Amino acid sequence: MSVQERKERERAARERLIVATARELAEQQGWDAVTTRRLAERIEYSQPVLYSHFRGKREIIGAVALQGAAEMAVALRAATSAADGPRTRVTALARTYLDFAERNPAVYDAMFQLDGGLAFAAEDTPEPLKDAFAALLESLGEVAGDGVDPALFTEVFWAALHGLATLTRAGRLPPAAAERRVELVVDRLAVV
């Protein structure tokens, strides 16, 4: 292995450490607790080393969002591939999405609530974000209904799930009816 290859491997490892530490700190204490000073202390590198990887917190949030999008896509595909039939797939997708948001609140915030400097629904949308949307579209496209653009339907269904996730986390919806909400979204929006 050349010196250059070793340096690149070490740099990539440092970057993964920074992202993992930011994510852990955000999940434990919220995004307000994630500062370059605290990250530098936790990973035992100087702040200039951190800035050699990321220009600031915004880029770190973006890196966490991309990681979360990739994880969500994997989780959605795993859940839907194990389901039999369109209704079961869409229900599994909805449950998995909401479960991901509940289990990973800081990551979910990085993906959809905070400014990570990422473009959505644009030419320069990063691949992990496109893939997460594709994971939704793969199951939702088949239940969009006649004459309905599958991508547009996926956006509306996604918006409903995002609303449920956000309102549930904020304590605005009673937890006892969570499963019934999933059933209503599937029954009323999807043509299954």
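## Helix 5 and its cover

Helix 4 (57–81), helix 6 (105–112), helix 7 (127–140), helix 8 (150–169) and helix 9 (178–189) are among the elements that cover the buried residues of helix 5. Those buried residues are V90, T91, A92, L93, A94, T96, Y97, L98, F100 and A101. Buried means under 20% relative accessible area, exposed over 50%, and partly exposed in between (1.4 Å probe, protein chains only).

This is a predicted model: local features need pLDDT of at least 70, side-chain atom pairs count only at pLDDT 80 or more, and totals for chains, interfaces and linings use all residues. Residues are numbered from 1 along each chain as its sequence is written, and side-chain values use heavy atoms, with hydrogens and water left out.

Helix 5 runs over residues 86–103, 18 residues in total. From first C-alpha to last it reaches 25 Å, close to the 26 Å expected at 1.5 Å a residue. The expected span is 1.5 Å times one less than the number of residues. Helices here are DSSP runs (H or I, at least four residues), numbered from the N terminus.

## The nonpolar core

The largest nonpolar core holds 50 residues. Such a core is a set of buried Ala, Val, Leu, Ile, Met, Phe, Trp, Tyr and Cys residues joined through side-chain atoms within 4.5 Å. W31, Y97, L140 and F157 have the most contacts inside it. Helix 4 gives the most to this core, with 9 residues. In soluble globular proteins, nonpolar side chains tend to be buried together.

W31 contacts A22, A26, K57, I61, V64, A106, D109, A110 and L114, leaving aside neighbours within four places in sequence. Contact means heavy atoms within 4.5 Å.

## Q29 in helix 1

Q29 lies in helix 1. Q29 counts as partly exposed because its relative accessibility is 40%. Beyond residues up to four places away in sequence, Q29 touches R38 and R42. The Q29 side chain makes a polar contact with the R38 side chain (3.0 Å). A polar contact is a pair of N or O atoms within 3.5 Å; within protein, one must be able to donate a hydrogen and the other to accept it, and residues adjacent in sequence count only if both atoms are side-chain atoms.

## Two positive phi values

Most residues other than glycine have a negative phi. E44 has a positive phi, near 60 degrees. E44 sits in the loop between helix 2 and helix 3 (47–53). At 72% relative accessibility, E44 is exposed.

A121 has a positive phi too, near 50 degrees. The loop between helix 6 and helix 7 holds A121. A121 is exposed, at 80% relative accessible area.
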